[in-house]
Amino acid sequence: MSENIGEDSNKSTSKNLTSKNSLSIESYEKMFKRVEAKNEGAFVPFVVAGDPDFDTSLEIVKTLVENGADALEIGFAFSDPIADGPTVQDADVRAINSGMTTDKGFEFIRRIREFTSIPIGLLVYYNLIYKRGIDLFYKQAHENGLNAILSADLPPEEASDAVKAARTYGVNQIFLAAQTTTNERLKTISQFSSGFTYLVSVMGVTGARSEVKTSTVDLIKRVRAHNDLPLMVGFGISKPSHVKEVIKAGAEGAIVGSAIIDIIAQNINQKEKMLEEIGDYTRKLKEATKK
Amino acid sequence: MIMDGKFGKYGGIFVPELIIPALEELESAFLKYKDDKQFNQDLDFYLKEFAGRPTGLYLAKNLSKKLGCKIYLKREDMLHTGAHKINNTLGQGLLARYMGKDRIIAETGAGQHGIATAAVGAMLDIPVDVYMGSEDVDRQRLNVFRMEVSGAKVIPVESGARTLKDAINQAMRDWITNVENTHYLIGSTMGPHPYPAMVKHFQTIIGKECRKQILELENNLPDTIIACVGGGSNSIGIFSEFVSDKDVDLIGVEGGGNGIESGHHGATLCAGSEGVLHGSLSYVLQDNDGQITEAHSVSAGLDYPGVGPEHSYLKTIGRANYVSITDEEALKGFQLLSKYEGIMPALESAHAVAYAEKYAKMPENKGKTIIVNLSGRGDKDMFLAAKFLGVEV
Ligand SMILES: Cc1ncc(COP(=O)(O)O)c(C=O)c1O
């Protein structure tokens, strides 16, 4: 792994590559400032692009934005999502079956950009990046209006090419940190990251959980000591009370995926009800970020 | 990590952050115990007394005569539980014990690795959970029962195509969740570092014995070594001791399914492309976007859309050649060896046998000394073979 690539990638901005979108796109930094000025934490929902189909998925994202999402995490579906529990696995299957491809995924991001400028992060398994070509993937990510990329199966050890491409195109590279992550690794992760660090709140895969573990609170404190970036907590955050807890423990934001995707899954054939429930739940989750 | 786990550019640790500390712990335990005297004494004891090593190197006289070559069989089919898998399972099982892990999980396709793991779990008194695609559970009832009588719990996996690939996904998810007390006993030279290096280490016993045996028998190295390639463990196990002997041709045989043109095959090295699956960069079967596609092979052990990273390396540097054998050819290989030598090979190994026949018949190979790694025995495949031959059993 080359040592110098990750250094101050925080400051990486796209110097000579400004897409026509980028002027209107809000950075994570600005978003966190905006939210903090209101004495709130950031609420960030996660859904899979094209779940259950392209158009409905776009309406879902619109609903999330209209009801208070401060930023978005969008997943590209993968055939073998080893970091995901059944809820996201099923969402991936629905998206793939509805005809989603990498190109359609980027088109989806472009369509989101027609109605919002809030930060959008991509969650993607590394093979989709590798197969397209690392440089090209990041270039297209930038051109289509993404702020950040997090690859669930790409630890810093393997990420030097990705981090390089991220810097070239002004995309934030996000990494995961978990309870099992040693302090030494936290330092490496912080060196290679920009935008924010994604804290995994559970020992396990994605999926709704009934409570936030006390170890999550400890993790927030420990990571804080080794990392200057804003912290967002995800995996298993599924209720307003969880959001409240992690914000209170000092995280800048909370990411909620499976709980929202469960609403999609339960209302597959009743779109109006689905959107209404997602809207309601989003407002509740957002409300819980107020300090 | 102490090592980067790369073979050329292949391999690595493409895994979620949660697993990294477990890989670090495993790597350090492996590096510590692989040269530890007590560990190796224990392992040697079990390999000999529990698994039945050493295995023979048997001159297949009738087949040799028929094909005009000297054909030796490395008899991994003689091992306890029926295949070379036990070499690795004993090694990793013992390592799990030395590491103080109190639970073992494994994936299995047809059940061969699951049975070996269940046996070792029973022997070492460590509970074993085996993930198996529900499609495979239905196809391999008898093997499910075998695992269960040894005390293992077989957990059917309902996601994806419900076969080996999905069982591995689910085993990895379990490991992510229970990483502190659980050892994930991967069955082949695949997965993230240190697995490819570690499984290779435990399988090189095949090559070590074989090298000594052929030198005793022939006073010479063989011309060619042929082994089947699923994840790549029996082949790496026998190849590794001959890789530096440039005159020995190494040939890996993949599952050709209905033929590569049909698109229904498991010939990852022959027809796949570079990608990242299950923790390492290697060759994979995938579509243009990098979605992993399903493999197809009559033999469950070759029915996998990935392959161990070291094989991708040996292929790209040209040190080993990779070919494929169709389902139909493999079943003919099964018959050939059964009929001429009274040895029923596993359908995986039958791919190597079938290619050996093809190879021996090429004029330029006349009279060569060929070693076929007979990775397992065919008991598990008798129903399939009977069906192919149109026999009711
Ligand atoms: C008898 C036998 N041979 C070969 C294989 C393929 O695995 P590998 O390529 O790791 O040797 C298997 C896998 O189940 C097997 O049971």
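**Entry 1: a charged residue without a partner**

I began with Asp153(A), which is buried yet has no salt bridge. Its nearest side chain of opposite charge is Arg173(B), 11 Å away. I keep in mind that this is a predicted model. A salt bridge needs a side-chain nitrogen of Lys or Arg within 4 Å of a carboxyl oxygen of Asp or Glu.

Where does Asp153(A) lie? I found it in the loop between strand E4 (148–151) and helix H7 (160–169) of chain A.

**Entry 2: the ligand**

How many residues surround the ligand? I noted 17. The closest are Ser188(B), Gly230(B), Gly232(B), Ser233(B) and Ser375(B).

A polar side-chain atom of Ser233(B) is 2.6 Å from an oxygen atom of the ligand. For Asn234(B), a polar side-chain atom lies 2.7 Å from a ligand oxygen. Gly231(B) uses a polar backbone atom, and here the distance to a ligand oxygen is 3.2 Å. On its own, the ligand has 390 Å² of accessible area, and the protein covers 95% of that.

**Entry 3: Ser235(B)**

I moved on to Ser235(B), in helix H10 (residues 233–239) of chain B. Is Ser235(B) buried or exposed? It counts as buried, at 0% relative accessibility. A polar atom of its side chain lies 3.1 Å from the backbone oxygen of Gly232(B). Not counting residues up to four places away in sequence, Ser235(B) touches Ala227(B), Cys228(B), Val229(B) and His311(B).

**Entry 4: salt bridges**

Side chains of opposite charge can pair when their charged atoms come close. I looked up the count over all chains, and it is 41 salt bridges.

Glu25(B) forms one of them with Lys101(B), with the closest N and O atoms 3.2 Å apart. Glu25(B) lies in helix H1 (residues 20–33) of chain B, and Lys101(B) in the loop between helix H4 (85–98) and strand E5 (103–108) of chain B, so the pair ties together parts that are 76 residues apart in sequence. Glu25(B) is partly exposed, at 35% relative accessible area. Lys101(B) is buried, at 8%.

Glu310(B) and Lys200(B) form another salt bridge, with 2.9 Å between the closest N and O atoms. This pair links distant parts of the chain, 110 residues apart. Glu310(B) sits in helix H12 (residues 309–316) and Lys200(B) in helix H9 (residues 195–218), both of chain B. Glu310(B) is buried, with a relative accessible area of 11%.

I also checked Lys34(B) and Asp35(B), whose side chains meet in a salt bridge (3.5 Å, N to O). Lys34(B) is partly exposed, at 25% relative accessible area. Asp35(B) counts as exposed, at 58%.

In chain A I found a network of salt bridges. It links Glu26(A), Arg34(A), Lys38(A), Glu40(A), Asp70(A) and Lys286(A).

**Entry 5: helix H6 of chain A**

Which residues of helix H6 (residues 134–143) of chain A are buried? I wrote down Ile134(A), Phe137(A), Tyr138(A), Gln140(A), Ala141(A) and His142(A). The buried residues of H6(A) pack against several elements of chain A, among them helix H4 (102–113), strand E3 (120–124) and helix H5 (126–132). Just after H6(A), Gly145(A) takes a positive phi of about 100°.

**Entry 6: backbone angles**

Most residues other than glycine have a negative phi, and most peptide bonds are trans. I looked for exceptions.

Phe235(A) is not a glycine, yet its phi is positive, about 70°. It lies in the loop between strand E8 (231–234) and helix H10 (240–248) of chain A. Phe235(A) is buried, with a relative accessible area of 10%.

Asp125(B) is not a glycine either, and has a positive phi of about 60°. Its loop runs between helix H5 (112–124) and strand E6 (128–133) of chain B. Asp125(B) counts as exposed, at 67% relative accessibility.

I then noted two cis peptide bonds. One joins Asp51(A) and Pro52(A), with omega about 0°. Pro52(A) is in the loop between strand E1 (42–48) and helix H2 (54–66) of chain A. Another joins His193(B) and Pro194(B), with omega about 10°. Pro194(B) is in the loop between strand E8 (182–184) and H9 of chain B.

Definitions and conventions
Residues are numbered from 1 along each chain as its sequence is written. Chains are lettered from A and ligands numbered from 1 in the order in which they are written. This is a predicted model: local features need pLDDT of at least 70, side-chain atom pairs count only at pLDDT 80 or more; totals for chains, interfaces and linings use all residues. Side-chain values use heavy atoms; hydrogens and water are left out. Helices (H or I, at least four residues) and strands (E, at least two) are DSSP runs, numbered from the N terminus. Buried means under 20% relative accessible area, exposed over 50%, partly exposed in between (1.4 Å probe, protein chains only). Lys and Arg count as positive and Asp and Glu as negative; His and the chain ends are not counted. A residue is near a molecule or strand if one of its heavy atoms lies within 4 Å of it. A polar contact is a pair of N or O atoms within 3.5 Å; within protein, one must be able to donate a hydrogen and the other to accept it, and residues adjacent in sequence count only if both atoms are side-chain atoms. Accessible areas come from the Shrake-Rupley method with a 1.4 Å probe; for residues, only the protein chains shown count as cover. Contact means heavy atoms within 4.5 Å.
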